[in-house]
Amino acid sequence: SEDIPTISSSRMLLTQAEIDSCYAIMDSTAVDDAINKDGYVEFLNLLAFGYLAENGITSFDDLSQSLKFAWNTLTCQCVQMGGADDCCAAGRANLFVEGADGEPVSEEQTNFLNDICSTAMTTLGSEGWENPPPGEMPKPTDDDTEEIEQELPAQPTNPAPETLTPGQIVGMSVGIPLLFILLLLGTLYFCRDKEYKPEEGEEEDDELADLDKEVMNDEDSAVGT
């Protein structure tokens, strides 16, 4: 028996894995090597990994115009393949998928099987659904899912700066200048020349003189003890 001929990649833009998967789905939905309208819906649903059924598309009437047109186009190829002129009319329309089970068939029939797979996957994709490689879940469109907004954790806020009481403000306004004055006086005292004596006619600063007297008294007291 002859093998099923290989279709060139220029005619079929499907991977071999996609072709094998498509053939298996065709074979599972066919009855006596023929797929009717109900089987066509199931065939599309399996190709889309259950996407159609999950969105309430379960009958031929539920299909979009593009998928219905694809059905009419594919079934009416029976005329070109030697069938009667009305082979795709009304209830006579079927997809004849002989060879989908792996049995050898003619090159013309193999091309037809590949055309079914390519047309179905392309039409599903053109409707906004990207056909995933075998084994991956389908990727629904934005209209098919509602984005779930996640509540973000509350961001920590900077603590409010502490405010000063009126008493603290008054204490700082008085204490800081007083501390500055004391430091200035201490600096002047320790930096002055103790051996300095005012020249004739020069008056010594009263405050410094008082401080000098106090220091001398403290020194005399220390010596006396």
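Predicted model: local features only at pLDDT ≥ 70, side-chain atom pairs only at ≥ 80, totals over all residues.
Let us start with how helix α1 and helix α2 pack. Helix α1 covers residues 16–29 and helix α2 covers residues 37–47; their axes lie 9 Å apart and meet at an angle of about 150°. Axes here are lines fitted to C-alpha atoms, for helices over the stretch in contact, and angles run from 0 to 180 degrees between N-to-C directions. Helices (H or I, at least four residues) and strands (E, at least two) are DSSP runs, numbered from the N terminus. The crossing of α1 past α2 is right-handed, a term used if the near helix is turned clockwise from the far one by less than a right angle.

Which residues of α1 and α2 meet? From α1 there are Cys-22, Ile-25, Met-26, Ser-28 and Thr-29, and from α2 there are Gly-39, Glu-42, Phe-43, Leu-46 and Leu-47. Contact means heavy atoms within 4.5 Å.

Residues are numbered from 1 along each chain as its sequence is written, and side-chain values use heavy atoms, with hydrogens and water left out.

Next, the loop between α1 and β1. Asp-32 is found in this loop, and β1 spans 34–35; Asp-33 lies in the loop as well. Phi of Asp-32 is near 55°, a positive value in a residue other than glycine, and phi of Asp-33 is near 65°, also positive. Most residues other than glycine have a negative phi. Is Asp-32 buried or exposed? Asp-32 is exposed, because its relative accessible area is 75%, whereas Asp-33 is partly exposed at 34%. Buried means under 20% relative accessible area, exposed over 50%, and partly exposed in between (1.4 Å probe, protein chains only).

Now the surface. Leu-178, Phe-180, Ile-181, Leu-182, Leu-184, Leu-185 and Leu-188 make a nonpolar patch of about 690 Å². Patch residues have over 30% relative accessible area and no salt bridge, and nonpolar side chains (Val, Leu, Ile, Met, Phe, Trp, Tyr) are joined within 5 Å. A salt bridge is a side-chain nitrogen of Lys or Arg within 4 Å of a carboxyl oxygen of Asp or Glu. Leu-188 lies in helix α6, residues 166–191, and is partly exposed at 48%.

Finally, the whole protein. It has seven helices and two strands, and 28% of its 225 residues are buried.

Conventions. Patch = residues over 30% accessible without salt bridge, like charges linked within 9 Å, V, L, I, M, F, W, Y side chains within 5 Å. Areas by Shrake-Rupley, 256 points an atom, 1.4 Å probe, with all protein chains shown as cover.
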